[in-house]
Amino acid sequence: MAEDKMVQDAPVAGGTKKAGVLNRFDNPWLNWKFLGGAGILGLLFFIIFLGYQFWDTDLALSARAPLNLPPIGFENWRGQTGVPEHPLGTENSGRDMLALWIVGTPRTVFVGVIAATVGMLAGIVLGFMAGFLGGLFDDVIRLAVDIAITIPSLLVLIVIQAVLGRVDLLTMALLISLFSWATPTRYIRAQVLSMRESGYVQMARLSGVPVRDIMFKEIMPNLLPYLSASYIGNMQGAIISAVGLEVLGFGPQRIPSLGVAIFFSIEAGALFRNMWWWWGIPTVTLSVVFIALLLINLGLDEIANPRLRKAN
Amino acid sequence: MGGISLNYLLRRLLVFFLTLWVAATLIFIIPRLAPGDPIAAMVARLSYQAGFVENADLIIEGWKERFGLNDPVYVQYLRFMTGLLGGDLGYSMARFPSTVTELVGRALPWTIGLVGISTFIFFVVGNLCGALLAWARTPRLVKVLIPMSMIFTSIPPLLAGLLLSYTFAFLLGWFPQTYSYGFGLTPGLTLEFIASVIHHGILPAMAIVIVTFGYWALGMRGMMVTIEGEDYMILAQAKGLKPFYVLYRYMIRNAILPQMTALAVSIGTLVNGVVLVEVIFNYNGMGTLIVTALREQDFGLIQGTSFILIVTSALAVLIIDLSYPLIDPRISLEGR
Amino acid sequence: MSQQLNPASLSQTAEGTSQPADFASRMEGERSRGKGRKDRVVLKVDNLRIHYATPQGDVIAVSDISFKLYEGETLGLVGESGCGKSTTAYGILQLVQPPGYIVNGSIEVDGTEVLDLEEEELRKFRWTGLSLIPQGAMNSLNPTMRVKDQIIDVIEAHEGKQSDKEALRERIFGLFQNVGLPNRIYNMYPHELSGGMKQRVCIAMGVALHPTAVIADEATSALDVVVQRIVAQTLIKVKDEIGVSLIVIGHDMGLLAQIVDRIAVMYAGKMVEIAPVENVYAQPLHPYTQLLIDSIPSIKERKPLKITEGITHDPRNPPSGCIFRLRCPFAWGHCAEVEPRQIMVEDLHEVACHLYDEQFHERRANALATIANS
């Protein structure tokens, strides 16, 4: 069409004098926080994978190594120096710290993944029920959420574990998941409520689309970044609970996870004996995991909420 | 100021009392759901630790009689609940003549103090940092420094406690490593005692603050960004109000309301963290009491301490919930 | 249907117009005053250009607009959604929000160049020089501040802390009276007020400091018809009492006809015509204005909507020459080559269209003939 041609012929006005504005309109998933966090976790697990291939993980069992050796290049209070056989040192029951790290890190993350997944699934079901069905469902679920969020979960878990004694990791994960449904439920309910009121969902309802289709075709895809962020947050919470319980002495004792290692080190007074590698390696590893999860979470937040992107 | 509507008040009170009821019931039921007999298990553990226990059967019978474990469950439940209502949490099994109420009464103020002060600090600092992050007039340097200070955000307070304790107490020796006040001091309103309490409290409080305030800063920044897009912000700009006035009266004032809601929601998590920080610093509050009780297999004390901490958390949530209709004029009308 | 594109209106002669009579009569009856005193210019906008930055290039929101506002005058700024009328207002007020920015231009208020003001000078100038009655008063008031505090803060920001609280109260009651608000709302919060009341609070606030000019941005759009009318009347009454100049931005030609002295018509960021209100309705000159006037619904007859004809252009990439030529029924080659300038056809009446260039008077006659035949 002639008119189209005229439009094309017209001179380009403005131009890209403000290049900085460009980035925010790019693919939202190319978010440096999200990618950075995922990258850190990926790298961590790649190293652990290599560790499983090339290091003897049986050294994580007690009495497989000399006691209380420092990492290479350091000296312990007895004047012993680190040896290449145990590059990250050993602790006071003769576990090799490197092997313990290789074995313990995935075990800690495992608890988080299981607890977060179970809690999240419950949260999705309850949140959608409350937000979409409303009425009595909503009242009861809201009340339950309010109560569950108020109660500090660690205290009830302590009571449970005081009765059960030490448990394996899966049981611990499932126990933690008993308390990790409330936050996702609350969050998802709020999101579903606001989406239910939005124009396009109202439209779909008016045109007779079945409720299930509205949930899974209209609401779910839009909730995806929110759900992911909520899932990651849930994982952080679950790992914090797990580490807390482990530090109180409730973790598996034979093959320790990172939290259990910290428990042992505190019990043995590692803080006073300057055996920093004993508690320090688990602490730093956990911190890295948490920082990575936070970065992923922040990235997902920005992906879900374009306004935050603009604010950067 | 509309004040608090009856509907809102009733709902918050309902949640409060239901929370107490659920917590009490859980604490009552859990030991009874466990496989085996809790008293027998406890004696078994005691005997394991002590080597042997003479007349174990008699002891078990004696304990059961004492604790009324031979009565039907509902009788036990009613007795347990009426005991709680009267503030009677039973005896500590390990330190027999002491009641749980006594031991908790000694530990609770320390925990409340620690939680209260650290909450005050992270809430104020966090929201201020968040507001400054979002504010257009904040100096560039500050906008760079604040995110850097948030590096510890999301780490469990327990781990931050370990790092702080090692760095500032063990290596540098600036602060004491354990306990809530110096040995040999008598608690009282003396300058020396107060100074000692502050000196001992700084690291535990910091352990909570440095991992927490970043969350509040991020939340606040998000709220501020939302509010910056509101129509009333454009009008505030058009009105030629002073920038600082706009910041606190238009932006922070409106952004702080959701933050208050978030605070109420986060109390539970906060208490979890404080319990563990106390353990790291051997701070003589509720957390340390629980750990001691765990070590001594003092089940009555574990139950009592947990319950009182849950009550305290629920009370804190109730207070926050009841206070923000006072700062948000809209809540009272809507009834929520 | 001969009224749709009135041939007579193209002929530049004032006589023989056949616009619906009801407009003229209603205007005469209800419109506030005559023309503003045109002896003194209070606001002079020159070549104002505002862009919005996007990754695909800048969107031209306002393109080299110039106009004057006279003392005591009410100027209406109209055009369809997205034509840049609100952006123009926000540009004049120095309130363009990123990614929008002012490219060039000059805005003089009482002889002061607003664009040159330093930050603190600008702050002091705001509301005393130009004030705003915002679009959609629903969210324009701070939800956590009492009505009185929102009026007091603007007074204290510009006149310093008021020590005489009693006088301050009386002053605010006076403002309430001006806009017909009851004193009981003094201590209320915005959520306790109706939409119309909120809009009146905004009007009271807008005139609180007796600014040189007030800009009302779609001030009545969110209200229902009855309240709309009352608020519009309030606006004009207050304006006359206080003696400020007023720019009213809107898209409701019918309502504007009743309250303004002159109308400026915008299309795609350009000012296409600016004229006394009687001329615009009786004798619209620019082809776009003609379409716009035709689009006013009438109770007496059903008319097909004309304004949908033609295509709109990409705002990043405007057509060469005249901005309206893609939709214009009279466009010819020249329109694609040369951008029309504002032609003064009569006192206070300017139009940006080549048809009114004397060298094209033949073409104007042909256009008239075409319309007459259709």
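Student: Which residue in β8(C) does Gly76(C) stand opposite?
Tutor: Gly76(C) stands opposite Val248(C). Keep in mind that this is a predicted model.

Student: How do the strands β3 and β8 of chain C pair, parallel or antiparallel?
Tutor: Strand β3 (residues 74-78) and strand β8 (residues 245-249) of chain C are paired in the parallel sense, over four bridges.

Student: What sheet are they part of, and in what order do its strands come?
Tutor: An open sheet of eight strands in chain C, ordered β6-β7-β8-β3-β9-β10-β12-β11. The pairing in this sheet is mixed.

Student: Which strands stand at the edges?
Tutor: β6 (130-133) and β11 (343-346) of chain C. Each has a single partner strand, so one side of each is left without a neighbour in the sheet.

Student: How much twist is there from one strand to the next?
Tutor: The twist averages 25°.

Student: Which helices pack on it?
Tutor: Helix α7 (residues 195-207) of chain C lies across β6 and β7 (213-217), and its direction is at about 180° to β6(C). Helix α11 (residues 287-294) of chain C also packs on the sheet, where it touches β9 (262-267) and β10 (270-276) of chain C. The direction of α11(C) makes about 105° with that of β9(C).

Student: What about the sheet with β1 and β2 of chain C, what is its strand order?
Tutor: That one is an open sheet of four strands, in the order β2-β1-β4-β5 of chain C, with antiparallel pairing. Its edges are β2 (59-70) and β5 (112-113), each with a single partner strand, so one side of each has no neighbour in the sheet.

Student: How many bridges join β1 to β2 there?
Tutor: Eight bridges join strand β1 (residues 41-52) of chain C to β2(C), and the two run antiparallel. In one of the pairs, His51(C) has Ile60(C) in β2(C) as its bridge partner.

Student: How many helices and strands does chain C have in total?
Tutor: Chain C has 13 helices and twelve strands. Of its 374 residues, 45% count as buried. Among contacts in chain C between residues at least 6 apart in sequence, 67% join residues at least 24 apart.

Student: Let's take one residue. Why does Gln150(C) count as buried?
Tutor: Because 24 other C-beta atoms lie within 10 Å of Gln150(C), and 20 or more is the cut-off for buried. Gln150(C) sits in helix α5 of chain C.

Student: What is Gln150(C) in contact with, apart from neighbours within four places in sequence?
Tutor: Leu141(C), Asn142(C), Met145(C) and Met205(C). Along the chain, Val201(C) is 51 residues from Gln150(C), and their C-alpha atoms are separated by 9.4 Å.

Student: Switching topic: how many residues are in the largest nonpolar core?
Tutor: The largest nonpolar core has 284 residues. Those with the most contacts inside the core are Ile176(A), Ala204(C), Ala213(C), Ile215(C), Ala216(C) and Ile247(C). Helix α10 (residues 243-281) of chain B gives the most to this core, with 19 residues.

Student: What does Ala213(C) touch, leaving out residues up to four places away in sequence?
Tutor: Val42(C), Leu43(C), Leu69(C), Leu130(C), Val244(C), Ser245(C), Leu246(C) and Ile247(C).

Student: Back to α10(B). How does its axis cross that of α12(B)?
Tutor: The axes of α10(B) and helix α12 (residues 299-327) of chain B cross at roughly 180° and come within 9 Å. The two helices are therefore roughly antiparallel to each other. Residues making the contact include Leu257(B) and Met260(B) of α10(B) and Leu309(B) and Ser313(B) of α12(B). By class, this contact of α10(B) with α12(B) has twelve nonpolar, two polar and one charged residues.

Student: And between chains, how many residues of chain A are in contact with chain B?
Tutor: 36 residues of chain A are in contact with 47 residues of chain B. On the side of chain A that touches chain B, α5(A) gives the most, with ten residues. The residues of that side divide into 28 nonpolar, six polar and two charged.

Student: How many residues of chain C are in contact with chain B?
Tutor: 21 residues of chain C are in contact with 18 residues of chain B. The elements of chain C that give two or more residues to this side are α4 (119-125) and α5 (147-159). α5(C) gives the most, with four residues. The side of chain C that touches chain B has ten nonpolar, seven polar and four charged residues.

Notes
Residues are numbered from 1 along each chain as its sequence is written. Chains are lettered from A and ligands numbered from 1 in the order in which they are written. This is a predicted model: local features need pLDDT of at least 70, side-chain atom pairs count only at pLDDT 80 or more; totals for chains, interfaces and linings use all residues. Two residues are in contact if their C-beta atoms, placed from the backbone, lie within 7 Å. Ala, Val, Leu, Ile, Met, Phe, Trp, Tyr, Cys and Pro count as nonpolar, Asp, Glu, Lys and Arg as charged, and the others, Gly among them, as polar. A residue is buried if 20 or more other C-beta atoms lie within 10 Å of its own, exposed if 12 or fewer, and partly exposed in between; C-beta atoms are placed from the backbone. A nonpolar core is a set of buried Ala, Val, Leu, Ile, Met, Phe, Trp, Tyr and Cys residues joined through C-beta atoms within 7 Å. Two strands pair if DSSP finds at least two bridges between them. Axes are lines fitted to C-alpha atoms, for helices over the stretch in contact, and angles run from 0 to 180 degrees between N-to-C directions. Angles under 35 degrees count as roughly parallel, over 145 as roughly antiparallel, 65 to 115 as roughly perpendicular and the rest as oblique.
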